Amino acid sequence: MDRLDAMAIFLAVVDQGSLAAAARALGRSPATVTRAIATLEGRLGERLLHRNARTLRLTDSGERHVAVYRSVLAELDEAERKPAEAGRLEGTIGITAPELFGRLKVMPVLEQFLAGHPAVRARLLLLNRVVNLVDEGVDVAVRLAPLPDSGIVAVRLGEVRKLTCAAPSYVGRCGAPEQPTALARHICIGAEEGGGRELWRFTDRSAGRARTVPVALEPRIVLNSAGVAIDTALRGSGICRVLSYQVVDHLAAGRLVALLPEFEPDPTPVHLVFHPIPRRNAALRAFIDHATPLLRAELAAISARMAALGVGSE
């Protein structure tokens with residue numbers, strides 16, 4: 001079997017999620033699809049897929065070779081395109097970001113990029129969890145969290161701060177906690193699915209070195225949306241835990257006040273993460289080049305506003 005044909009079949013299996021679905025999509029026999037996978041695995045001397053009667057998933061080698069095979073086939077396609085088409089950006093970019101950051105910060109940047117490149121399409125997943133780029137067909141992700149060691153590329157955009165906030169009406173009615181442990185006596189708004197107890201972590205720097213202070217709480221209200229949690233706090237219904245970009249406008253307008261600023265945790269880094277970009281994927285590279293300075297500027301502006309408000313310390 002032709003090696004390039006086998007690569008294309010393997011990618012179809014990954015995209016379709018099963019050997020049978022790939023065979024149907026390609027109009028090939030199941031035996032041909034199975035033989036293509038066996039051909040590639042025989043050349044490599046290692047397995048690309050873990051598969052049984054019900055499930056199929058990529059091995060570590062399979063994850064690495066997905067990007068390689070896509071690059072090889074796409075560069076071949078690029079070389080065969082008509083010269084008149086060669087300079088035009090086209091294709092589909094898969095992006096993921098946390099729900100509120102994606103809505104407030106990423107979407108305007110993406111809309112601006114698409115306006116300048118009418119042949120490019122985008123798929124934006126707004127999910128408040130870490131997404132596996134290969135499994136969910138995503139090219140680039142915005143991560144608001146420390147990054148584990150991995151083979152992906154990470155471009156630092158800036159940082160955000162984790163704040164504890166309430167409306168002035170709540171503070172006037174219930175008072176402000178002076179220590180993190182005092183939160184147990186307050187109405188707290190949780191922002192995790194599943195309900196139950198939550199662990200809010202603070203940092204105590206009073207002894208000359210930073211010490212983590214975990215506080216176990218049982219929120220009275222539990223929501224799976226940061227936006228709704230903020231709305232609830234704005235109405236004076238409780239104390240919420242949020243990120244600086246989500247509430248800087250409310251803090252500036254006095255609609256919310258920051259509580260326990262001296263116990264604020266260390267800032268959370270923000271990165272764009274992606275696998276090494278194949279040379280042919282000009283649209284993805286152009287989007288990252290477009291988005292990086294704009295998102296950096298957004299985060300820098302938020303940090304400057306927070307410093308000007310005198311909320312905690314930078």
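Student: Over the ring of which residue does the charged end of Arg241 sit?
Tutor: This is a predicted model, in which local features need pLDDT of at least 70 and side-chain atom pairs count only at pLDDT 80 or more, while totals for chains, interfaces and linings use all residues. Residues are numbered from 1 along each chain as its sequence is written, and side-chain values use heavy atoms, with hydrogens and water left out. A charge sits over a ring if NZ of Lys or CZ of Arg is within 6 Å of the ring centre and within 35 degrees of the ring normal. The charged end of Arg241 lies 4.2 Å from the centre of the ring in question, which belongs to Phe202.

Student: How far apart are the end C-alpha atoms of helix α5?
Tutor: Helices (H or I, at least four residues) and strands (E, at least two) are DSSP runs, numbered from the N terminus, and the expected span of a helix is 1.5 Å times one less than its number of residues. Helix α5 covers residues 99-116, which is 18 residues, so it should span 26 Å, and this agrees with the distance between its end C-alpha atoms, 25 Å.

Student: At which residue does α5 bend?
Tutor: The bend at a residue is the angle between axes fitted to the seven residues ending there and the seven starting there. In α5 this angle is about 45°, and a proline, Pro108, follows within four residues of the bend, which is at Val106.

Student: Which residue forms an aromatic pair with Phe101?
Tutor: Rings of Phe, Tyr and Trp (its six-membered ring) pair if their centres lie within 6.5 Å, and planes under 30 degrees apart count as stacked, over 60 as edge-to-face and the rest as tilted. A search of the whole structure finds 3 aromatic pairs. One of them is edge-to-face, with 5.0 Å from centre to centre and 85° between the planes, and it joins Phe101 to Tyr245. The pair links distant parts of the chain, 144 residues apart, with Phe101 in helix α5 and its partner in helix α8, Tyr245.

Student: Is Phe101 buried or exposed?
Tutor: Buried means under 20% relative accessible area, exposed over 50%, and partly exposed in between (1.4 Å probe, protein chains only). Phe101 has a relative accessibility of 1%, and therefore counts as buried.

Student: Where is Leu260 found?
Tutor: The phi of Leu260 is near 50°, a positive value in a residue other than glycine. At 4% relative accessibility Leu260 counts as buried. Its place is the loop between β13 (257-259) and β14 (268-274).
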